[in-house]
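Please read the following report beside the sequence and the model.

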Amino acid sequence: MVDYLLEVIEVPVSDFDRARDFYVGAGFHLDVDLVVGEDFRVVQLTPPGSACSITLKRNDAPGSLQGLYLIVTDAAAAHADLSSRGVPVSEPFHFGPSGQEPGPDPDHGDFETYLSFSDPDGNGWLVQEVPSRA
């Protein structure tokens, strides 16, 4: 058996400094910000408690990455934390018989409550609640 560990995802951005500052402000840990010459820069950040990091990438379509997931045990706490950091995060929502509905899942089931936000380039993040991991 071979373990395949997802450890880094590239996120396309237009401005390294603006994106780095946004993610640091959102609570991500700045792992490395390395400039080598005029044409090469690596900025890697890790969400709190995550084993997977993001690396900011320039020259691809900024904002084209959608559906990045962050898993939390408490969506309300995540909403309060992101809001307190100035991240424009949505109110909690879930999916019911008629599609997306406001508010958390009434049963607080695993994978049922979401929040969403975008970075300054429009890359889209979903925060998904999985209370059983608490």
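## Salt bridges

Aspartate 81 is partly exposed because its relative accessibility is 33%, where partly exposed denotes the range between buried, under 20% relative accessible area, and exposed, over 50%, computed with a 1.4 Å probe on protein chains only. Its salt-bridge partner is arginine 85, with 3.1 Å between the closest N and O atoms, a salt bridge being a side-chain nitrogen of Lys or Arg within 4 Å of a carboxyl oxygen of Asp or Glu. Arginine 85, at 40% relative accessibility, likewise counts as partly exposed. Salt bridges with shared partners also link Asp17, Arg20, Asp21, Asp33 and Arg41 into one network, and the structure holds eight salt bridges.

This is a predicted model, in which local features need pLDDT of at least 70 and side-chain atom pairs count only at pLDDT 80 or more, while totals for chains, interfaces and linings use all residues. Residues are numbered from 1 along each chain as its sequence is written, and side-chain values use heavy atoms, with hydrogens and water left out.

Arginine 20 is buried, with a relative accessible area of 18%, whereas aspartate 17 is partly exposed at 36% and aspartate 21 is partly exposed at 46%.

Four strands form an open sheet in the order β1-β4-β3-β2, with mixed pairing; strands are DSSP runs of E of at least two residues and helices are runs of H or I of at least four, numbered from the N terminus, and two strands pair if DSSP finds at least two bridges between them. The edges are β1 (8-12) and β2 (29-36), each of which has a single partner strand, so one side of each lacks a neighbour in the sheet. On average, neighbouring strands of this sheet are turned by 20 degrees against each other, direction ignored. Strands β2 and β3 (residues 40-46) run antiparallel and are joined by seven bridges, and histidine 29 stands opposite threonine 46 in β3.

Helix α1 (residues 16-25) lies across β1, β2, β3 and β4 (53-57), at about 10 degrees to β3, with axes fitted to C-alpha atoms, for helices over the stretch in contact, and angles running from 0 to 180 degrees between N-to-C directions. Phe16, Ala19, Arg20, Phe22 and Tyr23 are buried in α1. They span an arc of only 160 degrees around the axis, so they lie on the same side of α1, the arc being that of the directions from the helix axis to the C-beta atoms. The buried residues of α1 pack against β1, β2, β3, β4, β8 and β9 (124-129), contact meaning heavy atoms within 4.5 Å.

## The loop between β7 and β8

Aspartate 105 belongs to the loop between β7 (99-102) and β8 (113-118). This residue is buried yet has no salt bridge, and arginine 133, the nearest side chain of opposite charge, is 15 Å away; Lys and Arg count as positive and Asp and Glu as negative, while His and the chain ends are not counted. Leaving aside residues up to four places away in sequence, aspartate 105 touches His94, Glu112 and Thr113.

Histidine 108, in the loop between β7 and β8, has a positive phi of about 50 degrees although it is not a glycine, and is partly exposed at 43% relative accessibility. Phenylalanine 111 lies in the loop between β7 and β8 and has a positive phi near 65 degrees, with a relative accessible area of 38%, which counts as partly exposed.
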